[in-house]
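Colleague: Before I use these labels, I would like to see how each was assigned. Please take me through them.

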Amino acid sequence: MARQTFISAVKWLATIALLAGGVMAVRYYCMESFRVSTDSMEAALHKGDYILVNKLPLKDNPGRNRVVLFTSPLLKDTVSNPLFLSRCIGMPGDTIRVGNDGYRVNGKLIPHSPQSLNRYMVTKAGQDEVSAVQKKLNIPVREWKEEAFGFSLYLTSFEEYQIREELSEDSNIHFIKDHTDSYELIVPRKGRAYRLDAAALTACREAIQTEAGDKAVFRNGKLFLDGRETDFFFFDQDYYWMLSDNTNEAIDSRHLGFIPRDHIIGNAWFCWYSKDRQRIFKPVN
């Protein structure tokens, strides 16, 4: 009897161990739950949302224009290894130009997401009507700030459209979208010669330092490898360019540089919990 009890206990322990191992394997290799801790992806994802991240090494993971979870590639962050959520705008080898109208990837325009947040300025002459329309449409007030010219606030592109449809022609003139500086970059691709102009050298500095180590020395705006000046670099892995929907408040590739493949955790798959019940079990777009 005691022997049977012992065998039964061993079987239960083995079953529990297998289940625990299975759960750990799924979390490590397949998918894992994460809590959104910032508003960097407003309004695609809200701060406090819980999401499942697809970690499987699929061809489209990370996917173009998908929301991606990744770790910081900065050398100073190697100990704490913070996590970031952004949208994958540039794939390896892409030429990216960012401007007011959105992103041009290899010459093709990808408009800003309707949910991306932008800064708007309202002069004193139009502030009463804009505020009234915003209240009428039940549009949230985000980071409202009094300015010398009137006030500034943040809105999504769709909210801008809604407000402009309600405003008079005169008030529309006093409702102004903030200007976005334009820039162009080529995303490094594994094994390809990457030409290092001034902009590329700035964007790739951390990546080159990580791959080349002590062999790389930056001096007077130039790269020296093993003591020799060079205008080209061959990267050992693919890189990606990430931009968050809430570009004014987020940390993404504009601050971190190109994101290497081995820092990609996976694509945000769907939201399984949110204070907004309409978002629960909805895919992340």
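Colleague: Are arginine 87 and aspartate 245 buried or exposed?

Modeller: Both residues are buried. Buried stands for under 20% relative accessible area, exposed for over 50%, and partly exposed for the range in between, with a 1.4 Å probe and protein chains only. Bear in mind that this is a predicted model, where local features need pLDDT of at least 70, side-chain atom pairs count only at pLDDT 80 or more, and totals for chains, interfaces and linings use all residues. Residues are numbered from 1 along each chain as its sequence is written, and side-chain values use heavy atoms, leaving out hydrogens and water.

Colleague: What makes arginine 87 and aspartate 245 a salt bridge?

Modeller: The term requires a side-chain nitrogen of Lys or Arg within 4 Å of a carboxyl oxygen of Asp or Glu. In this pair the closest N and O atoms are 2.8 Å apart, so the distance meets the cut-off. Arginine 87 is in strand E4 (residues 83–90) and aspartate 245 in the loop between E18 and helix H6 (253–256), 158 residues apart. Helices (H or I, at least four residues) and strands (E, at least two) are DSSP runs, numbered from the N terminus.

Colleague: How many salt bridges does the rule give?

Modeller: The count is 12. One of them joins lysine 222 to glutamate 229, with the closest N and O atoms 3.8 Å apart, which is still within 4 Å. Arg119, Glu147 and Asp178 are linked in a network of such bridges.

Colleague: What makes tyrosine 50 and tryptophan 272 a tilted aromatic pair?

Modeller: Rings of Phe, Tyr and Trp (its six-membered ring) pair if their centres lie within 6.5 Å; planes under 30 degrees apart are stacked, over 60 edge-to-face, and the rest tilted. Here the centres are 5.2 Å apart and the planes 50 degrees, so the pair is tilted. Tyrosine 50 lies in strand E2 (residues 50–54) and tryptophan 272 in strand E20 (residues 264–273), so the pair ties together parts 222 residues apart in sequence.

Colleague: How do you know that the charged end of arginine 219 sits over the ring of phenylalanine 224?

Modeller: The rule asks for NZ of Lys or CZ of Arg within 6 Å of the ring centre and within 35 degrees of the ring normal. The charged end of arginine 219 is 4.2 Å from the centre of that ring, and the contact is listed as sitting over it. Arginine 219 lies in strand E14 and, at 43% relative accessibility, counts as partly exposed.

Colleague: Why are the buried residues of H2 said to line one face of the helix?

Modeller: In helix H2 (residues 127–136), Val130, Val133 and Gln134 are buried. Seen down the axis, the buried residues fall within an arc of 100 degrees, so they line one face. The arc is taken from the directions from the helix axis to the C-beta atoms. The face turned away from the buried side carries the exposed residues Asp128, Lys135 and Lys136.
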